[in-house]
Amino acid sequence: MTDDIPANSLDGFHRDPRAQQADEQVRAFFDALNRGDELDLDGVVARNFLSYDYNGTRTRTGYKRYHRRLTQAFDGFRHDVHENIGVIVDEDLVAVRTTVAGRHVNEYAGHPASGAQVDTSASHIFRVRDGLIVEHWQVFDTYRILVQIGAIAAAAGAWQEMLGAPSSGSALFDERSGTDFGVHGGAGSPAISRELQKKLWDGVFATGSKEDSEYIAEDLISNSGWIPDGRAPFLDALSSARARKPDGRANATHIVAEGNMFVVRSAWDGTMVATGRDHDASSVDIFRVENGQLQEHWETVDQLRLYQDYGVLNADIRDE
């Protein structure tokens, strides 16, 4: 790798020192969590810090307690920055996807120790002010954990079949890391990213229509594994999903754009036709933009609620 190509987002990707500092700040947050060092965590998180996810709002103290439960349930539990994506900074918002791993050694969500090694993803939006993290929005794919510890049966394959995508035929679909940051990290236009985001969310996400989709690369790289690569499978699956909740849509709550990358957190709502359930889930989508098109996609989805709302998983299952 040559000197002018960044190895990760810390290596010359950010255009100003403030963004570089914010990148370092969220990495310090995860470093402190991984070490279990709550004093160091206090050094990067504001006293009035609030963290939000599907299960509610946590204060700084509440978030520490939540994380302790995870480290007690999973030996070696840790978050690692998904470096193929990097850390994306936009004003006071910072977005990062982490890979999560550990070994199940104590009770989790009512399920006794299985000894299983687990891995999943979480995606995060942070707000940084005056050098401290003040807010945190998290989407954590706990479905993969519940499958890996043997707490629930397969659902991903059934969901893929429902959308007309090739079925993984198993409880989980395989994810890929994606293109190395050193290959794709670089200059881009946040303004173009925001324009493309609006087209996608107001287009097939909102209407189910596959028309006017030239802004999606024909050879779109889909790293999350639930559909094959390509524009056509991506549009087919989204259109099929949209048809199952005609009154619903993905509501973008946070958009973080820097360089040639953008990250969107969405709250999904609507009523599922087949089950009558209110669709209530969240996701984080990450796109790489190249030549004015969406070229590569990663995501973290609250699969547990998604599959429950689609009727392919028992609605009574709960996580932490």
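User: Which residues are linked with Asp-92 in a network of salt bridges?

Analyst: The model is predicted, and side-chain atom pairs count only at pLDDT 80 or more. Salt bridges join Asp-92 into a network of four named residues, and its partners there are Arg-127, Arg-129 and Glu-135.

User: How many residues apart are Asp-92 and Arg-129?

Analyst: Asp-92 and Arg-129 form a salt bridge, with their closest N and O atoms 3.6 Å apart. The pair links distant parts of the chain: Asp-92 lies in the loop between β4 (88-90) and β5 (93-104), while Arg-129 belongs to strand β6 (residues 117-129).

User: Is Arg-129 buried, partly exposed or exposed?

Analyst: Exposed requires over 50% relative accessible area, and buried requires under 20%. Arg-129 has a relative accessible area of 47%, so the residue is partly exposed.

User: What separates Asp-202 and Lys-198 in helix α7?

Analyst: The two side chains form a salt bridge, the closest N and O atoms being 2.5 Å apart. Both residues lie in helix α7 (residues 190-202). Because they are four residues apart in that helix, the separation is about one helical turn.

User: Which class of exposure does Lys-198 fall into?

Analyst: The cut-off for exposed is over 50% relative accessible area. Lys-198 is at 52% relative accessibility, so this residue counts as exposed.

User: What is the N to O distance between Arg-35 and Asp-37?

Analyst: A salt bridge needs the nitrogen within 4 Å of the carboxyl oxygen. The side chains of Arg-35 and Asp-37 meet in such a bridge, with an N to O distance of 3.9 Å.

Note on methods: Residues are numbered from 1 along each chain as its sequence is written. This is a predicted model: local features need pLDDT of at least 70, side-chain atom pairs count only at pLDDT 80 or more; totals for chains, interfaces and linings use all residues. Side-chain values use heavy atoms; hydrogens and water are left out. Helices (H or I, at least four residues) and strands (E, at least two) are DSSP runs, numbered from the N terminus. Buried means under 20% relative accessible area, exposed over 50%, partly exposed in between (1.4 Å probe, protein chains only).
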